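Here is a friendly note to read alongside the model. Take the points one at a time, and keep the 3D view open as you go.

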Amino acid sequence: MSEEFYLHIFNKQNHVEAVPSNEIIAKWANNLMNMVYPERSTFPKYTLQEIQHQFASLELELTSLLNSTKACVHCNNELISKSFFKGLPELYRKMNTDISAILTGDPAAKSEFEIIRSYPGFMAISMYRIAHALLIAEVPLIPRILTEYAHSQTGIDIHPGAKIGEYLYIDHGTGIVIGETTIIGNHVKLYQGVTLGALSVEKYMANIKRHPTIEDHVIIYSGATILGGETVIGENSIIGGNVWLTKTVPSNSTVYHQSSIKVIDTKQKD
């Protein structure tokens, strides 16, 4: 390799923006989830005082992560951490609504324990909710790192900027994409392969609504693609599998993709 290439890498190393590794950031979020959901741990058993100490340690860890992130250098990181943990009970309540939605809606779900321990949809939603709370506090970089970690683990891609209501039920989930400016109401059910995306990805659109709005009590079946910032799926609607939508659908609608399937019997008849 040339000396010029070595010099290029050297200069990058000396100018790269400081931020803790993705693994350290994900470990903090996983430890937080393990505390609020001990079902994720092998055999958790803390005294009340130890629980208080664990949460205090997690708060200090978050402050340390922020302090180690160059983009947070001018932020009041202690205040951000304190505010995040002050809001944790409400965040926990919202996560519990997601568990309830899965347990109520999925015939295969046998218990809350099973959902918390093994359901990729719940993991992706939970990491999104943590990331979204940090994004609202204007924390840079870390929210996106958290949701991309969840994406790598579950195949579910939720941008931390999306606004998602309570009782979100993601069934199976693999291949779901929820874009940055998506708005999702309460009691929404999404199956695998659903895309809530943008009609265009031009850079000038960065600060405008590019992704659809999904109102309350909507079901979107697998493979459906819904695009555009002005597209609204009205409440109580059902969007069938493989539907492609770029226009608003009124409340109480059923939209389905109609295809022609022909079955040919190749067996010889007597």
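Predicted model: local features only at pLDDT ≥ 70, side-chain atom pairs only at ≥ 80, totals over all residues.

1. Which residue does arginine 210 pair with in a salt bridge? The partner is glutamate 180, and the closest N and O atoms of the two are 2.8 Å apart. Arginine 210 sits in the loop between β7 (195-197) and β8 (213-214), while glutamate 180 sits in the loop between β4 (177-178) and β5 (183-184), so the pair ties together parts that are 30 residues apart in sequence. Glutamate 180, at 31% relative accessibility, counts as partly exposed. The general idea is a simple one: side chains of opposite charge can pair when their charged atoms come close.

2. How many salt bridges does the structure hold? There are six. Another of them joins arginine 129 to aspartate 98, with the closest N and O atoms 2.7 Å apart. Arginine 129 belongs to helix α7 and aspartate 98 to helix α5, so this pair ties together parts that are 31 residues apart in sequence. Are these two residues buried or exposed? Arginine 129 counts as buried at 4% relative accessibility, and aspartate 98 is buried too, with a relative accessible area of 0%.

3. Now look at a pair within one helix. Glutamate 148 forms a salt bridge with arginine 144, and their closest N and O atoms are 3.2 Å apart. The two are four residues apart in helix α8, which means that about one helical turn separates them. Glutamate 148 is partly exposed, with a relative accessible area of 29%, and arginine 144 is partly exposed as well, at 41%.

4. Next, step back to the whole protein. Its secondary structure comes to eight helices and 14 strands. The C-alpha atoms fill a box of roughly 75 × 60 × 45 Å, taken along the principal axes. The protein has 270 residues, and 41% of them count as buried.

5. You will find leucine 58 in helix α3 (residues 48-67), and at 3% relative accessibility it counts as buried. How far apart are leucine 58 and valine 218 in space, C-alpha to C-alpha? The distance is 36 Å, and in sequence the two are 160 residues apart.

6. The largest pocket deserves a look. Its volume is about 270 Å³. The lining consists of 14 residues, and Leu91, Lys94, His132, Ala133 and Ile136 lie nearest the centre of the pocket. Helices α4 (77-86), α5 (88-105) and α7 (120-136) each supply at least two residues of this lining. Which helix gives the most to it? That is α7, with five residues. Sorted by class, the pocket lining has eight nonpolar, three polar and three charged residues.

7. The structure holds one cavity of 30 Å³ or more, and the largest cavity has a volume of about 30 Å³. What lines this cavity? The residues are Ala124, Met127, Tyr128, Thr147, Ala150, His151, Ile156 and Ile158. Helices α7 and α8 (142-154) each supply at least two of the lining residues. By class, six residues of the cavity lining are nonpolar, two are polar and none is charged.

8. Met1, Phe5, Tyr6 and Ile9 make a nonpolar surface patch of about 440 Å². One of these residues, isoleucine 9, is found in helix α1 (residues 3-15). Why can isoleucine 9 be called partly exposed? Its relative accessible area is 33%, and partly exposed covers the values in between buried, under 20%, and exposed, over 50%.

Definitions and conventions
Residues numbered from 1 in each chain as written. Heavy atoms only, no water. 1 Å grid on protein atoms, 1.4 Å probe; cavity = no way out; pocket = protein on both sides within 12 Å on 5 of 7 lines; lining within 4 Å. Points joined across faces, edges and corners; volume = space filled by probe spheres on them. Nonpolar A, V, L, I, M, F, W, Y, C, P; charged D, E, K, R; others polar. Patch = residues over 30% accessible without salt bridge, like charges linked within 9 Å, V, L, I, M, F, W, Y side chains within 5 Å. Areas by Shrake-Rupley, 256 points an atom, 1.4 Å probe, with all protein chains shown as cover. Salt bridge = Lys/Arg side-chain N within 4 Å of Asp/Glu carboxyl O. Buried < 20%, exposed > 50% of the residue type's maximum accessible area, 1.4 Å probe, protein only.
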